[in-house]
Amino acid sequence: MKKPKTRRSVWFRIREDLPPEKAALLTLCSFLLPLALWAIVSYVPFIWHPDVKLEVSADRTDVSTVFGPGDHVSKLYFPTFVDAIRRDNAVIRAAIADGTVIANPAVRRQNQRLLRHLFPIAEGNGWLKFNQREDDAAIYQIWKGIAEGSLVPRSPRLSDENLEIVRQNWAILGATSPEFAFATLPETPLLKLVPQGRAANPVYLPAPHEVVTTGIRDFITPPPPDRPWMWQRLLASLKIVFGGFLLSCVVGIPLGILCGTYSFFAKLFEPFIDFFRYMPAPAFSTLLVAVLLANDAPKIALVFIGTVFQMVLVIAKTTRQLDASLLEAAQTLGAGPSQMLTRVVIPGILPDLYNDLRILLGWAWTWLVIAELIGVKSGLTEFIETQGRWRNFDSVFPIIILIGIIGFTTDQVLAKLHGVIFPFTPSRKPGGPGVFRLAFRALFQRKPPAPPAAKPRVKSA
């Protein structure tokens with residue numbers, strides 16, 4: 001009697017493929033598990049939140065370090081920061097009560113900065129947009145609305161202490177002018193907003209929702225007049241990747257096929273190519289800029305150098321793995337050298353050559369960041385480098401993820417086209433675009449119960 005297969009044996013069979021639904025479920029989990037871990041670290045309070053992300057900030061008078069809204073400070077430092085601002089406010093209140101406050105025109109600039117500290121509250125509540133962070137007239141009206149009660153901050157909220165500070169400051173501002181004008185700002189210090197914040201990951205690991213919202217904002221917000229849009233940066237990066245890869249194909253495919261077919265070309269080219277591929281491509285960046293100048297040409301050339309030598313060797317190996325019986329059959333039928341190459345070798349390796357190019361295209365993407373840093377920085381990499389220097393990692397992560405999505409999607413599309421272009425090759429296992437349907441079936445669709453076994457008929461005597 002054959003032993004029935006247990007549930008464990010279905011999942012862990014040695015060198016056997018899983019059923020399509022279970023394979024699709026594991027494929028989906030391979031993406032969801034890292035995302036779930038990221039979400040747990042970001043949103044569960046007691047897991048890991050060593051920083052406080054400032055929603056309201058202030059400028060201290062006793063230190064030169066300046067923290068703005070959105071900056072991260074450690075949980076240990078945050079109470080010290082709050083206490084220092086409260087001491088500054090106590091000094092201002094005492095000076096006003098004693099009548100010893102001294103007017104100074106330079107204080108206007110400090111008061112203008114203080115007004116802008118309310119912008120994150122206005123943006124978070126949808127009253128202002130990201131590009132209005134220096135729109136003093138609009139921010140001035142937000143102060144008025146909160147002080148008079150027509151605007152109520154919901155998310156994020158203002159503490160009761162800060163609400164009182166807003167009312168006290170507006171009593172001074174509103175008495176001077178109902179509309180913003182730099183010349184009418186008080187020449188005496190206004191009360192500072194007390195820092196507010198929420199528990200957060202370190203600045204280098206923003207929460208998932210911050211990455212999504214910041215990425216969308218960066219793509220839809222108009223850039224400064226002298227800077228390109230994000231989609232223009234994306235197109236520039238695509239031009240470099242696919243330009244360098246196409247150039248590699250023009251050189252590497254013919255040379256690889258020749259090296260894999262004829263020993264003459266293999267002995268002539270492969271030793272040098274095998275030696276040259278160990279040289280780091282970025283080492284040639286200075287030379288490429290000197291020869292090709294500082295536009296896109298040296299960047300495309302770097303992607304070419306980073307992929308062409310591996311392409312030749314990979315394609316040569318694929319060519320050598322062609323079934324020898326095909327060559328023998330062609331020779332028996334009287335095929336000449338040129339016919340062997342064009343009628344047997346090239347058609348015979350096309351399916352495997354197609355897969356090799358898919359893998360090598362992924363290799364080209366890995367050279368993008370290095371390529372765009374040589375000469376004049378450009379494309380997505382220039383944005384990553386600039387935002388990383390300013391520690392705006394919530395703007396860095398979306399670009400890194402975008403590059404991964406484009407590369408992965410391109411690979412999956414090319415994988416699906418393989419069965420269309422080469423229908424005579426074995427079909428691929430289910431996955432890719434059908435993964436969600438199959439995973440849903442594996443999770444929620446129950447198998448119908450097996451029909452009851454038929455009772456044996458008893459023949460009557």
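This is a predicted model: local features need pLDDT of at least 70, side-chain atom pairs count only at pLDDT 80 or more; totals for chains, interfaces and linings use all residues.
**Helix 16**

Helix 16 spans residues 379-389 and is mostly covered, with 8 of its 11 residues buried. The buried set consists of Gly379, Leu380, Thr381, Glu382, Phe383, Ile384, Thr386 and Gln387. These buried residues pack against four helical elements: helix 8 (208-220), helix 9 (230-261), helix 15 (368-372) and helix 17 (393-421). Just after helix 16, Arg391 adopts a positive phi of about 65 degrees.

**Helix 2 and helix 8**

Two packed helices are described by the angle between their axes and the distance between the axes. Helix 2 (residues 20-43) meets helix 8 at an angle of about 100 degrees, and their axes lie 9 Å apart. Helix 2 is therefore roughly perpendicular to helix 8, because angles of 65 to 115 degrees count as such. On the side of helix 2 the contact is made by Trp38, Ala39, Ser42 and Tyr43, and on the side of helix 8 by Pro208, His209 and Val211. By type, the residues of this contact divide into 5 nonpolar, 2 polar and no charged.

**Arg157**

Arg157 sits in the loop between helix 6 (136-148) and helix 7 (160-176). Its relative accessible area is 53%, so Arg157 is exposed. Leaving aside residues up to four places away in sequence, Arg157 touches Ile121 and Gln196. Ile121 is 36 residues from Arg157 along the chain, and the C-alpha atoms of the two are separated by 7.3 Å.

**Cysteines**

How many disulfides does the model have? The count comes to 0. A disulfide is a covalent bond between the sulfur atoms of two cysteines. For Cys249, the closest cysteine sulfur is in Cys259, at 16 Å, and this is too far for a bond, because the sulfur atoms of a disulfide must be within 2.5 Å. Cys249 is buried, with a relative accessibility of 13%. Cys29 has a relative accessibility of 27% and therefore counts as partly exposed.

The accessibility values for individual residues are listed below.

| Residue | Relative accessibility | Class |
|---|---|---|
| Arg157 | 53% | exposed |
| Cys29 | 27% | partly exposed |
| Cys249 | 13% | buried |

Technical notes:
Residues are numbered from 1 along each chain as its sequence is written. Side-chain values use heavy atoms; hydrogens and water are left out. Buried means under 20% relative accessible area, exposed over 50%, partly exposed in between (1.4 Å probe, protein chains only). Helices (H or I, at least four residues) and strands (E, at least two) are DSSP runs, numbered from the N terminus. Contact means heavy atoms within 4.5 Å. Axes are lines fitted to C-alpha atoms, for helices over the stretch in contact, and angles run from 0 to 180 degrees between N-to-C directions. Angles under 35 degrees count as roughly parallel, over 145 as roughly antiparallel, 65 to 115 as roughly perpendicular and the rest as oblique. Ala, Val, Leu, Ile, Met, Phe, Trp, Tyr, Cys and Pro count as nonpolar, Asp, Glu, Lys and Arg as charged, and the others, Gly among them, as polar.
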